[in-house]
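Thanks for coming. I will walk through one part of this model, strand by strand. Please have a look at it first.

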Amino acid sequence: MWSVPHQVRIFLAREPVDMRKSFHGLIALAESVLEQDPLSGHLFVFINRRRDRLKVLYWGGVGYCIWYQQLEEGSYQLPDAQAADDEAGLEITAGQLSLILEGIDLSSVRHRKRFQVSDQHRDATSSRRS
């Protein structure tokens, strides 16, 4: 898989998607279901009902790109829903996306505590720079 810069966010649609959808259909889902701007440069991940096909939509700078993977055997395992039940999307990390693509059981993965910049700290830092 490609490397994802740390500024790029990854949004996973929680509901299955018809994999016949192409650019316009996935763009519409990114806007309406995930409530994100598809021109943002972030990645939008969609999966089918059987969880054996996955599409990633992103803006490539001069046009939209779709990365599509179909498993020959098995299925993708998605992370436990950390979002509220009424949210249609879930933000995941590049590491989680890599684990999903590699077929690693996410329920057995243990995350060690790491420093994370809080939104308040990020806002305070950016206001000092202005």
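Two strands count as paired if DSSP finds at least two bridges between them. Strands here are DSSP runs (E, at least two residues), numbered from the N terminus. As for the source, this is a predicted model, where local features need pLDDT of at least 70, side-chain atom pairs count only at pLDDT 80 or more, and totals for chains, interfaces and linings use all residues. Residues are numbered from 1 along each chain as its sequence is written, and side-chain values use heavy atoms, with hydrogens and water left out.

Start with S2, residues 43–47, and S3, residues 53–59, which run antiparallel and are joined by four bridges. Phe44 stands opposite Leu57 in S3. The two strands make a hairpin with five residues between them, and Arg51 in that turn has a positive phi of about 60 degrees.

On to the next pair. S3 also pairs with S4, residues 64–70, in the antiparallel sense, over seven bridges. Trp59 has Tyr64 of S4 as its bridge partner. This is again a hairpin. Four residues lie between S3 and S4, and Gly61 in the turn has a positive phi of about 100 degrees.

Now back to S2, for Phe46. Leu57 is 11 residues from Phe46 in sequence, and their C-alpha atoms are 8.2 Å apart.
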